[in-house]
Every structure is written in structure tokens, then in C-alpha cells.
Amino acid sequence: MSISNSTDVLPIQLLGKANDLIKDLSKDQLIWLGGYLSGLALNGQDIDTGELVNEQRQLESNVELTVLVGSQSGNAKIIAKHLSELAEAKNAKANVLSMADYKVKNLKDEKNLVVIVSTHGEGEPPAAAEDLHRLIDTKRAGNLSGLNFSVIALGDSSYKNYCQTGIDFHERLKKRGATALSEPLLLDVDFQDQLEEVTRETLKLFKPTESNISDQTEKATTNTVSSNGIYQAEVLDKVLLNGKGSAKETYHIELSLEDSGLEYQPGDALEVFGVNDESLVNDIISKLELNADELVDLKSEKIELKTALQHYRELTLVTLPVMKKLSAYVTEPVLNTLLDNRDELDKYLEGRDLLDLINDFRFKLTAQQLVDSLRALPPRAYSIASSQSEVGDEVHLTVGAVRYEKNERVHEGVCSTFLADRIATEEKLGVRIKQNEGFRLPETDKPIIMIGPGTGIAPFRSFIQERAESGSKGQNWLFFGDQHFESDFLYQSEWLKFRKNGILNNIDIAFSRDQEEKVYVQNRLSEKASEVYSWIKNGAYIYVCGDKDKMAKDVREAFVEIFQKQGGLSKQEAEDELLAFRKSNRYQEDVY
Amino acid sequence: MTQIKNNIPQVIEWPPSEVEGIKTKSNFLRGSLIESLEDEITGAIAPDDTQLIKFHGSYQQTDRDLDDERKRQKLEPLYSFMIRARVPAGVATANQWVAFDELSDKYGNSTLKLTTRQAFQLHGIVKRNLRQAMQGINDSLLDSIAACGDVNRNVMSTSNEGLSPVVGEIAEFAQSISDHLLPKTTAYHEIWLNKKLLTEGKIDEEPIYGKTYLPRKFKIAIAVPPYNDTDVFANDIGLIAIVEKGKLLGYNVAVGGGMGKTYGVAETYPRLADVIGFVAKEKALQVLEEIVRIQRDYGNRENRKLARLKYTIDRIGVDAFVELLQQRLGFELEASKSYQFDSNGDVFGWKKASSGKWFVGLFIEHGRIVDSPSLSLKKGLREIADLNACDFRLTGNQGLVLGNITTKDKKTIQTLLDKYGIGTAQKMSGLRKHAIACVALNTCTMAFAEAERYLPKLIEKLDVLLEKHSLTNDDILIRMTGCPNGCGRPFLGEIGLVGRALGKYNLYLGAGFSGNRLNSIFKEMVSEEEILALLDPLFEQYAQSRLENERFGDFIVRQGIVDAPKVVKVIR
């Protein structure tokens, strides 16, 4: 018996193969197979012919498993060890990794995954699993349709949410498109008795990896970047980095560049298009007795005054040209006197915003005149705090919220408080990469000394991520400072990890308010003068990021002194030496 | 099982646990503590050093309220250190009180904790201040050596001299036990006091402990009947003072007590000490040392959960243990003498000692010395300490006795106590007076649930039930701990609440009122609502059907409400 008259449905070669396959089958077997195949077709499933043909050799051999372990008491590790030993005995491979060290973005590249995770307390994940447990439920995990998995969940059945963390992993992986090869396996405190069975059954679930299957999910690149380079980036995460009791307010912000194709280098900055605070806009409009809904001409469009001010006009800073333009609408002579005296004007304008100005002087102008007088709201640039080799299509920022009291009113930096207060995760904001060729890592084997107090730390997180990922042999030394060790040590846990891994060779810190006398990074540089000098002699590149007016100047002085004392130079020679360093890019600054 | 040869149990060669390894290579408790202290980048010390620092009287802790938040903030946990100062028999001077009061403000969290074992605890000291805090304690002539760790801990003793004429003598004995069993290593002086005591080429010696010290912590307490305020049966060694006509003869020796157990490990359990005989006071120190040495040689060094003396004794058998002890001593213990304990609580109020001096017992809620909006306890006690007219005696119930007060000063002190409203337990329910809670959250790394921060609120709700059943003035022992390790001796509470998870406790009932009987499990994993619902009918039954003078725990046992709990055994 053979299949005939079907070449219009099935190409002749395939038909031949089908005939080959079924020629030895009995009548009963054929009838059964017919039903099986039509059942598959009706259910709309793809017929995995590989599965049918190769069933016999699909034992555990050649399987490559990734085993992710989230352990509290070590029991999950015991199971993982057992599984990996059994896999080895069966000529398969189980790569056991701790969840604590695993990056969620790697999940989409996995084929076969076993999750072994315990649950503690009332259904909470163990510390090692916390991050992955959370992130796997976010877009970060990506599309996991290529992933087969099985979960072994440990727990204590005397607790209410027995094995909850394992169940969460199961559900969340499924939600991301991964294929569950079994229901989650729940193990109680007496799991040791089932150890053999559990590992054996788990291993059986997985099929060998087809090594030559091409990645058919071609990346659909939708070009969402506008012609001026602006991209609407989604906020993935926002965290206040300063611990309880801190006087500082520094945010770590993670943005998605997904599908933008945007690329950046360590040292680059990100321009962020902020939006003004609505209440400030309202105050300005009402003080000037204007109408918020009134339409004004802006870039050959008609838009409401309120929108124009909030999105397109700078309000938190007043510049000299703006001041001059606005002076046309003021009758008081005082303003004109002020305009004639530059020094006094600068002093007056420092820290004042538009609302201060219209509180101080009586203006009489129309909505259109106001909009025409003000300058466009420019984006603010922030040094990028991530490296793409580590974070892929994400970009991270370290942003200090600017807030200060003046004229009995809190003034806020437009963009930093936009990021801090007015945009939430999953919302989008306009960003653009701003290259900074003047702040670049040297060749990978060169030592670097990084000085970045406060938010000046940002590019160095990028540098270190880059050097860690690229396997750079160059030595790395970081100087960081802020107010308090306990609350203001930005990215502390990451630095500790990099130090432990041998990436960060030296780290020195200066917390100004933890002791009677204030200590800053430049003091630490001076204390370590001879070691700093020997790094320089070994070809170290020096990078300084952060406050321009005070810190950067003090750090330059500290280096001049190091050149003087350690190198035996005169002050002039030392200053020339520093200048030479700057010219040859061995001393680079990103200061603001 | 331990083999017995020629009537003597054989010493087992244990495959050493991880901590044993750390001790062995620590060079008499030094480890890398100095390097750890000098590492400015982290507020923590190296993992191995966290084991060793215990022997120096300190624990590394984190503010657990902030652990999750700080992890998100990419900050390490907020590490700080607890320092426990050893105060034998709990007797401290007024100057020492002042010193701790100041240290708590300067380096700690501005509170002091009086522990259930008569020690001072300072909390919240960050690493960079740890040395200065240790030096401050040392300057006050106290120290924290062996306040924690696998050694003999603070020696407890009844400290209120108004209760018995022998208390003073016994407190002195507690001091000499403490001195005798103190580790001899000079590591403490090197690390904390910057003093190099060893001359070049010489190494430390530990004649009693050896270089791996004991397998586990070791606790000794003395009580003077009828007061068992040190809960002697909860200790590795309990000494019961035998007094005749106002003279101390010696002690009944009880061995193998201990509270701790581990959930899910059936081989662990709380155990009361067995009374194994009487020893005259002149020979008591020798007996103690020999018991310590036996535990050093026989204790389990493979599994720390099974390493306390109580497990050693149960493994080799109490008779074999006594036999071994007597062989090593070269003499036999006498038969134990009769004694009677009435209570394990504190006695509040003024008592006059035979010396003519006055002692006043004060109620301190859970031993926490802190100024709150409603009570300026810390300020008031500081003002009293500044008079330098009394000493400060910590009790085994987290309480305080002001002692050695002349009749002239008595009035001044009472005036200050009145001014600040300190120590008056009169208006409290009998339940609150007897409540003990350990520190637990937010600093203890072991706690599963709240204790000290929560028990006062729970008692408020229980007081309503007690009032309903007219039991407000009945003395009832309630004890709460955040974990089953037993710092608050929860298994000796007539009502014992032991933390399982946040908001969930195991409820134990039926302990004796004088520390003579353990409680038994009544219900696992109960919430506050369930605790109240379970206790309400039991209070009602107790109010209606108790015998004359019958204690709540005794009633629970007589009614068969819990399985018959373990009582103190007298072996001989």
C-alpha cells in the first residue's frame, strides 16, 4: 500500500520519504498513524518529523542542560550536583549555575533549562534567586519560545505557600513563551529519599540539542529612531541608590533601546528630553494672567500655551538673551539697569528661574510673546553608566536630583526631577546618544585610574563593565567619594563583586561626613601618592568625572603635587607634565 | 553510638565541621580579623571571621528591615555589630553603667540591652567604630572576651543580696569560675586594644580548651533556692546552692541543660539538666573544669546542631557520664541534697540584705534600656548612676537590681525612680511582669519572626482576656523568641511562643513556674488571632477549674491539654 495522487499536496521527494517510512507498518499501525497525523493537523500543531523519526535515539545522550540553582540551605545545590553527576554518567552535560550570578538576558539563548529553587518563609525566594525571580517576570527576560524547561521546587509543606518560588518560575517561564516539559516537581523537606528518582526523571525530559538548527527568528528591526536621532525609550527600572537616612537623592535609571539599533561606547553620554513640572507651568501662566488653553505658534504648528511651555520651552533657567528679550515687556527701569551690569546680572540670575523673574518684575505680554522670548528646552546630557557588552540593548544612567531652596520656594532641575518624579517604569521618554570621543578607554592592557565622586561614578560603571566583559588585562583603580559610607556608596555591591572577581584591583573611598574633618577623593589620592605614581609610570591613564568647579580642580592640583613630590619636578614642570598628559589623552575629564 | 570500654566511653574522632576547621587554622582566634577591620570598602568582615569574632564577644548583624530595600539599591546590607560584655553574676558598678550608657550613644543605636544571661549588649555598631567601642568597654574594666563563641559564656548567679545572705559569696564564686574558664589567648588584646602581649616566637596556650576550644557554646548558672531566677536547668551546668543556717555548704550539680533546637531536625530538642549529685563548695571549681574538659573531648565536632553537652550526655548515657567524671576527678560526688525552687522570676521592690545595705528589684521591659516618649528609662537610670550611690545588677530575667544602697541614699534613689516612673511593676498584669523576649528582628540574623518589638503589643491584647477572666493579678510566665535557638528560654514558659515565620509562632504550653519542667507543643504556626482564640478558653477553664494556688502551667498539664512535658530528673 502506498500513498498516491497526492503530489499536489506533498512534493514528490517528501512523498517518497513518507512511503519509505511507512512501508513496513502493519494495517493497524497505519490506521493508528493516520489518526495520529490528522489529529496533529487538526490541533494546528507543527508535525515535528524529527521527533517521530528519531524517537529511538532520543535518550539523554548529547543533551546539554543549563541548571539554574537558587538555594537557601544548600538543598537545591545537592540536587543540582546529583543531576550533573547523573548527566555526566549518561554522556550528557549539565552546566550548573547559581541564579545569583546569572543574567536574565541570557535566558533567551538557552535551549534546555532545569530550574532548582527553594522557597523560604511565606513563599519568598531565597536571596540568591531574588533578582532572577523578579526579572524573569519582566520584559528583560525576552522571548523564550526557544526554551524547554523543567522546574524542581523545594519547600516545606508546613508552610502555606509551599514551593511557591518554584511554581512562580514555572508560570513566569511559560508566560514568556518557554515550553514546560513537565509540571513543577514539588519536593518537601524529606526530598533526599526521592533524589535518585527526581534527577533521573528530570534528565529524561530533555532531548538532544540539534546543533545545526539555524536561528530562524530573525530579529525584526523596526526603525523607531527619528531622523534627528531621537528615540522613545521605555523606562525599565528606576531605583533610588541612596540608603535610608541619606541627604542625597541619586537615581539609577535603566532604559530600553530595544529595536532602536542605537549603539554607544563607554564614555558616551545620553541626552534626555525632559518635561517641565506642570505646577511650575501653571504658576507662571497664572502669575502672567494668561490663558493655558490659548493657542500659540510654535514650529509652524498651533499648540496650547501650556503644552508649549511644558514640553518645548526652558523655564528653570533664565539666560542673558532670554532676559534681554523679556525686558521689552517690563516697564520698571531697574531691570534695564541690571542688564547693563553683567556681573550683577550673573549674580542675580544664578539659581533663579522664570517664575522668580516674573515675581520680581511686572511683565505685560501675550502668550505668543512669552513663547517667542523663551528659548527651546534643550535635552540634558548624562554620562552613560553602562556598557552594551554587559547590558545589551539597554542604557543606564546615574542621576542626582537637583532641588534647592531659593526665594522661599523649592527650585528643581528640569530633567533630573523629570526623571526622578515625573516618569515611571514602562513609560517612555525621548533620548539621543551623544558621543564623547574625549572620554575613551585606552588599549585593553593599559592600567586606568578613575576618579568619580558622586554621580561622577557613572562612566566608570560603564568602563568596568566593559573591561570585565572584554577580558581586559589592564589594571583598574577607582576613587569614589560622597557623604556617608552607609547610605551613599553608589553601586557598592557591584564594586564589591568586581573586586572579588579581580576586575577592580584597587578601590579607595572618601566619605566626607563620616568623621570630624571632611575627607575627599583628592585627599585619598595624596595619601596613595607613591602607588599612584608607580601606576602612572606603568602607563596608567587617568579619568576624572563629576563636579567641574571644585572637585576637578582639586584633583588636578593633587596630581600636580604627585608629579612634584614623587617625580621630583618643580611646580611649573609638574603643571607642564599634567598638561602634556591631557594633550596625549592620558588625563581625560568629563566634568559638569 | 559511643563505645564503652572498661566502663569508660571512648573518644570519637569526628570528621571536623567547617567551623572546627576555621577554629583550627585561626591561630587562637585571630583569623584575618585585623585585615577584615581594615577593609574600608565593606561594612562586613570576612565570612570565616564572622565565626571567630563571636569568641571576642561580637556578632555581625544586618538591619533586616532594610535588607531587601538595600539590595535593590545596589548597596550591601546595612552591616553592624552587636557587642556583648561579660558581667559575671550580672554585677556592674555605677561607673560601668555610665560607660555603657555613653558607648551606646557614641557608637551604638542609643539603647542598651540587658540579656537573659546577665550581660550588657550594645547594638548597631558599625565596623569602623568597633575597635573604639571595644576599647571603651575595656576602659570600664569590663570586656567581651568569651561573651559568645564556643567557650564558657557569662557565668550567671542570683544577684539580689536582699534575697539570701549567701548571694554575695556566690557572686564572687561566679567571678572566679568566669576567670578560671576564660580563654588565655592574647588575640583579643592584639586585635582590639592594639597591645602585643606575646614576645617574639612565643605562641598562645589554652590549657583547658586547646586550640579548637569547645565544640559549642557552654553555659553555667548558679541559683539560690527558693529563687531559680537564673533558670539553672537550662544551662550546661547548673549549680543549686545548698545553704544551712545561713552558711553555704556547696552545690547540687545539674548537667546537660540547654534550650536550643532546630526546626526539621528531629535529633535536636530542648533539655533540662539532670541533677547528678552534691559537691562541697571547695571542690566545686574542680568539678566544673572537669565537666568542661569532658565536653571538650567527647562533644560532637562534626555537627554543630548536636554539639551541646546535652547531646553528649544523651549519647554516652548520663550514668556513664557521671562515672567518667568521677574517674577523672578521682573522687565521687555525694548524693544530692534536697532543695525547693518556688519561682524563676525576679523579686521586685526593696529588700534589706544581712549587710544592712538595701537592694531594689526593678522591672525593665525585655531588658531594653531606651528613652521613649512615655518613659525616660535610660535618662533616669543614668541620673541614678551619676549619683554613684549604688551598683547595677543585671538579672537573668532581663531585669535590674540596684544594690548596696545605704539607708541614707535609699530615699534619693526612690525619689528618682518615682520621678521617672522606673521599675514599678505594680500596675502591670502578672503576665507582663514575667514576660521575656529576645532581640529577634530587626538585628538578629537567626530570627524568623518578631519578639521584643512585638510581645508588648501581644500582651496588651492578652491582658484584655485575662481581665475578662479575672486573672490580671495571677503570675503567668510568657516567653517569646524569634527562633528556636532559645535565647529567651521559651521552652520554659508556661506560655512559650517560638517564631516560625513572620507573624507565625509555635505555641507551647505547660512549663513549670520555677523552671523545673519544660513546656510541650500545643499548636504550630499560629497567628496572633489564633493565639488569642486558643488561649481565651484555656484562661477561662483555668479561672474556673484550677485548684488552690495551682499555677497555669501545672493546670494545663493536669488537664492533659498538652502531652506530659519533661521534668527535671534527679539521678542521684
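**Figure 1. Packing of helices H4 and H7 of chain A in the predicted model**. Helix H4 (residues 75–89) and helix H7 (residues 195–204) of chain A have axes that come within 9 Å and cross at roughly 55°. H4(A) is therefore oblique to H7(A); angles under 35 degrees count as roughly parallel, over 145 as roughly antiparallel, 65 to 115 as roughly perpendicular and the rest as oblique. Axes are lines fitted to C-alpha atoms, for helices over the stretch in contact, and angles run from 0 to 180 degrees between N-to-C directions. The crossing of H4(A) past H7(A) is right-handed, that is, the near helix is turned clockwise from the far one by less than a right angle. From H4(A), the contact (heavy atoms within 4.5 Å) involves A:Ile78, A:Ile79, A:His82, A:Leu83, A:Leu86 and A:Ala87. From H7(A), A:Leu195, A:Glu196, A:Thr199, A:Arg200, A:Thr202 and A:Leu203 take part. Seven residues of this contact are nonpolar, three polar and two charged; Ala, Val, Leu, Ile, Met, Phe, Trp, Tyr, Cys and Pro count as nonpolar, Asp, Glu, Lys and Arg as charged, and the others, Gly among them, as polar. Helices (H or I, at least four residues) and strands (E, at least two) are DSSP runs, numbered from the N terminus. Residues are numbered from 1 along each chain as its sequence is written, and chains are lettered from A and ligands numbered from 1 in the order in which they are written. In this predicted model, local features need pLDDT of at least 70, side-chain atom pairs count only at pLDDT 80 or more, and totals for chains, interfaces and linings use all residues, while side-chain values use heavy atoms, with hydrogens and water left out.

**Figure 2. Packing of helices H10 and H11 of chain B**. The axes of H10 (residues 309–316) and H11 (residues 318–329) of chain B are 6 Å apart, and the helices pack at an angle of about 105°. H10(B) and H11(B) are therefore roughly perpendicular to each other. B:Leu309, B:Ile313 and B:Ile316 of H10(B) meet B:Val318, B:Ala320, B:Phe321 and B:Leu324 of H11(B). By class, this contact has seven nonpolar, no polar and no charged residues.

**Figure 3. Strand E8 of chain A and its partners**. Seven of the seven residues of E8 (residues 250–256) are buried, so the strand is largely enclosed by the rest of the structure; buried means under 20% relative accessible area, exposed over 50%, partly exposed in between (1.4 Å probe, protein chains only). A:Thr250, A:His252, A:Glu254 and A:Ser256 point one way from E8(A), and A:Tyr251, A:Ile253 and A:Leu255 the other way. Two strands pair if DSSP finds at least two bridges between them. Strand E7 (residues 231–240) of chain A runs antiparallel to E8(A), joined by six bridges, with A:Lys238 opposite A:Ile253. Strand E13 (residues 394–400) of chain A is also antiparallel to E8(A), with seven bridges, and A:Thr398 in E13(A) stands opposite A:His252.

**Figure 4. Positive phi at A:Ser300 and B:Asn388**. A:Ser300, a residue other than glycine, has phi near 55°. A:Ser300 lies in the loop between strands E10 (295–298) and E11 (301–304) of chain A, and is exposed at 80% relative accessible area. Phi of B:Asn388 is about 55°. B:Asn388 lies in the loop between helix H12 (377–387) and strand E16 (391–394) of chain B, and counts as exposed at 51% relative accessibility.
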